[in-house]
Amino acid sequence: MAKKTLIVDIGSWTIDIMPVINKSPDESKCVTIPKGLITCMRSINEQCVRQLNGEVDESEIQNIMRYGRSDIDDEYFAIIKAEIEDFVDKVYNSIREFGYNLKTTPIVFVGGGAVVMKNFGSHDAKNISYNLDVKANARGYEQLATMGLKSTRRLS
């Protein structure tokens with residue numbers, strides 16, 4: 001990681017923004033926003049009901065988020081795409097609101113929402129990257145546990 005990198009973890013319920021400076025998290029500037037992918041999916045179905053009087057199955061919305069395409073009705077797809085793009089814009093705006101420059105700050109999107117940012121985001125800059133491994137958090141905790149066990153064994 002660069003000297004200062006912004007990690008943006010987009011999960012089901014929250015968006016967590018964490019600056020990492022010299023490979024250490026700056027906990028004083030960590031932020032949690034309670035508007036994750038679930039709120040986006042709810043917004044999609046609210047709009048589908050409002051405009052077309054019908055909902056879309058959550059698994060279909062997830063497939064569109066993952067792959068950026070679908071074979072569902074064009075009217076529904078247009079609503080879904082517009083709502084996802086609105087969600088992505090809100091994520092970018094939140095990053096800006098906390099004082100980060102989207103063109104100069106190295107940003108790494110992680111979590112289930114990283115693929116959404118990659119597929120639907122409009123900022124295709126050199127400083128933005130995506131960790132699309134949905135198990136990255138679990139792998140990180142596994143690595144920490146392994147390090148802890150090794151440390152404990154050395155002390156015994």
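## Overall architecture

From the N terminus on, the elements of the protein follow the order β-β-β-β-α-α-α-β-α-β-α, which comes to 5 helices and 6 strands; helices (H or I, at least four residues) and strands (E, at least two) are DSSP runs, numbered from the N terminus. Along its principal axes, the C-alpha trace spans about 65 × 35 × 25 Å.

This is a predicted model, in which local features need pLDDT of at least 70 and side-chain atom pairs count only at pLDDT 80 or more, while totals for chains, interfaces and linings use all residues. Residues are numbered from 1 along each chain as its sequence is written, and side-chain values use heavy atoms, with hydrogens and water left out.

## Helix α3 and its partners

The axes of helix α1 (residues 37-52) and helix α3 (residues 74-97) come within 9 Å and cross at roughly 140 degrees, the axes being lines fitted to C-alpha atoms, for helices over the stretch in contact, with angles that run from 0 to 180 degrees between N-to-C directions. That makes α1 oblique to α3, given that angles under 35 degrees count as roughly parallel, over 145 as roughly antiparallel, 65 to 115 as roughly perpendicular and the rest as oblique. The contact (heavy atoms within 4.5 Å) involves, among others, Leu37, Cys40 and Ile44 of α1 and Tyr76, Ile80 and Phe87 of α3. By class it has 10 nonpolar, 3 polar and 2 charged residues, where Ala, Val, Leu, Ile, Met, Phe, Trp, Tyr, Cys and Pro count as nonpolar, Asp, Glu, Lys and Arg as charged, and the others, Gly among them, as polar.

For α2 and α3, the axes come within 11 Å and cross at roughly 60 degrees, and these two helices are therefore oblique to each other. Their contact is made by Ile61, Ile64 and Met65 of α2 with Phe77, Ile80 and Ile84 of α3, and it has 6 nonpolar, no polar and no charged residues.

Gly11 is found in the loop between β1 (4-10) and β2 (15-21).
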